[in-house]
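I opened a structure today and kept notes as I went.

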Amino acid sequence: MTTRTTPAGISLQATGIRKTYGKRTVVDVAEVRIEPGETLALLGPSGAGKSTLLAILGLLEPADEGTVLLDGREVTHRDKAARLQMAAAFQSPYLFKGTVADNVSYGLRLRRMLSGARRSAVAEALERVGLAGWEDRSALTLSGGEAQRVALARALVLRPRVLLLDEPLSSLDPLIKGRLAQDFARIIREESMTTLYVTHDQNEAMAVADTMMILRDGVAVASGPVDEITGLPPDAWTATFLGAGEPLEGEVVSSAEGLVGVDIGGAVVFAAGSEAVGTPVLLGVRPEDVLLFEGDAEIPQSTARNRFAGTVTEVQSWGAMHHMTIDVAGSPFASRVSRASVRELGLEAGSFVQVVFKASAVRVRVRGDR
Amino acid sequence: MQVFAEAVVTAVTLLFQGSTELWNVIAVTFEVAIVSTAAGVVLGAPMGFVMGATRFRGRRLLVALMNTAMAVPPVVIGLVVMMFLSRQGPLGFLGLLYTKDAMSIAQTLISAPIIAGLTAAAVASVPYKLRLQARSLGASRVQEALLALREARLGVLAAVASGFGAVVRGVGAVMMVGGNIEGQTRVLTTAIVQESRKGDFGLALALGLILMTITFAMNGFLTWYQHSNERFERS
């Protein structure tokens, strides 16, 4: 089998995109930009306009206003040559009646690829998604995970310069979802395609994406590198959506050797940074980076510079994990604790705890920068 | 019961004796049915696709009109076609009245709305996102439409079979515009009426049996096709 070379991803940009259905504006996004070979995760709750924006960027549906640029060239949904550089897979795999090979080869047949080359390309794509030798199976008898792999192979076989994935894993059970998320992330990375990945699951987004954009009611409320957005959401709504702690306001009170001390009103939080003393900043810490100990426990020596006493104000059960809110000198910090730990530490609202996290886990941004 | 037994014997005897008259009736029946079903497919399937797969202003009205057209009595269609083709009618100069062409025109007007209506229902059952998926893989609008028809193929096939069935069993329209002329425009249904009027129930029943055999063969093919493709159908 000869392996075909993968063409490099190309940039996908859009400006001033607006789409209305009746009187309702479903998308109103000023700018989207995905660099060549980069993966942008588009997050947001149901009905936020993610799939509509994907359909517009993928030239599947026209926008009412705005411009889409593919590799720097303005394109529309009527531009078939541009559409042929993209391929998509959706939440429901939407496999066509017929065999797995019929499905995977659909786009190749549209591109009039000769049957010999087509067979070889299909075999290669199926091998890529872990379904080698599945060509002759009926597509409609596959399980959810298998069908989603076929849908991905059907898109990958076209060697698209831009890959569009619309919640490809959201209808799968957690076990298969976890495994497929890893596989999808690996394939996307190896193929180095420009990818737009729509999801409402931030973990999935963190697994596959370089940058993310969060939509709320059709409007982009956050956009930037994944670590930056998840580490320090721009506002309380985004923080809640991402399951992160609210951004805290403070002022730099010390700055030396790449470490800043930020006074958040009653406590000084250390963070990696070099902002000047007196700079007003926002700071945030991912809940999974915040460790909790019993109020009177002896904390072992570690590199964690931030150690505070606090009181649990809220406990929310999120299945296997619990989301805790802890008041530290009047500022709320969030922490994610396993069910077993909550039971062992006897954590409940009002519990006295010690809050510990590393300076490197703290994200700092100068207030007014965004 | 004796009359039924005699009818079966008469039918078999007629078929095996090679009665030119009978075979001619069967041939005209098939010719008119195939021509009008094919024309019904050409007119009805694209219209059905448009009604089932697209949204446009006036679509509901068109669907309602199509459903009404499906229920128009064939004799009314025969009357209208007759008025058009009669010597005083706007198309009288064509001289088509009492010909197989006139019968095919009337039968097409019967089959086309049935094929359009049932095709629309079949295509509407194909999810829009499946078509969007095809579009995302590079399909043009025409390729997208062909895929939707292929996905809805059992429903579309049933629509064609229903159109064929309506044509082959129709009597009123073909009687009016064909005139039931022996050797020229006589088909199985009009021959049954003719033989019944003459009191030859045996022959009429025999012709009825042949008609039922044709219908059975059509449905048998559909059932076979459905089962042979079960592996690829949505459950």
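Entry 1: a covered helix. I began with helix H1 of chain A, residues 50–57, and found it mostly covered. Seven of its eight residues are buried. I used buried for under 20% relative accessible area, exposed for over 50%, and partly exposed for in between (1.4 Å probe, protein chains only). The buried residues of H1(A) are Lys50(A), Thr52(A), Leu53(A), Leu54(A), Ala55(A), Ile56(A) and Leu57(A). After H1(A) comes Leu59(A), with a positive phi near 60°. Helices here are DSSP runs of H or I with at least four residues, strands are E runs with at least two, and both are numbered from the N terminus.

Entry 2: ground rules. This is a predicted model, where local features need pLDDT of at least 70 and side-chain atom pairs count only at pLDDT 80 or more, while totals for chains, interfaces and linings use all residues. Residues are numbered from 1 along each chain as its sequence is written, chains are lettered from A and ligands numbered from 1 in the order in which they are written, and side-chain values use heavy atoms, with hydrogens and water left out.

Entry 3: chain A as a whole. I counted 11 helices and 20 strands in chain A. Its C-alpha atoms fill a box of roughly 70 × 45 × 45 Å along the principal axes. Of the 370 residues in chain A, 53% are buried. Chain A exposes about 16000 Å², and carbon and sulfur atoms supply 48% of that. Accessible areas come from the Shrake-Rupley method with a 1.4 Å probe; for residues, only the protein chains shown count as cover.

Entry 4: two domains. How is chain A divided by the domain assignment? It gives domain 1 (12–231) and domain 2 (248–366). These bounds come from an automatic or database assignment. The C-alpha centres of the two domains of chain A lie 37 Å apart. Five residues of domain 1 are in contact with four of domain 2. Contact means heavy atoms within 4.5 Å. The two domains of chain A bury about 470 Å² between them, 42% of it on carbon and sulfur atoms. Buried area is the accessible area (1.4 Å probe) that two parts lose on being put together, summed over both. The rule asks for a side-chain nitrogen of Lys or Arg within 4 Å of a carboxyl oxygen of Asp or Glu.

Entry 5: chain A meets chain B. The contact takes 31 residues from chain A and 23 from chain B. Together the chains bury about 2400 Å², with 55% of it on carbon and sulfur atoms. How many salt bridges cross this interface? The rule finds one. Asp166(A) pairs with Lys129(B), and their closest N and O atoms are 3.8 Å apart.

Entry 6: chain B. Chain B has 11 helices and zero strands. Its C-alpha trace spans about 65 × 50 × 25 Å along the principal axes. Buried residues make up 45% of its 235 residues.

Entry 7: a nonpolar patch. On the surface I noted a nonpolar patch whose members include Val75(B), Met83(B) and Phe93(B). The whole patch has about 810 Å² of accessible area. Patches are made of residues with over 30% relative accessible area and no salt bridge; like charges are joined within 9 Å, nonpolar side chains (Val, Leu, Ile, Met, Phe, Trp, Tyr) within 5 Å. Phe93(B) sits in the loop between helix H4 (74–85) and helix H5 (100–124) of chain B. Phe93(B) counts as exposed because its relative accessibility is 66%.
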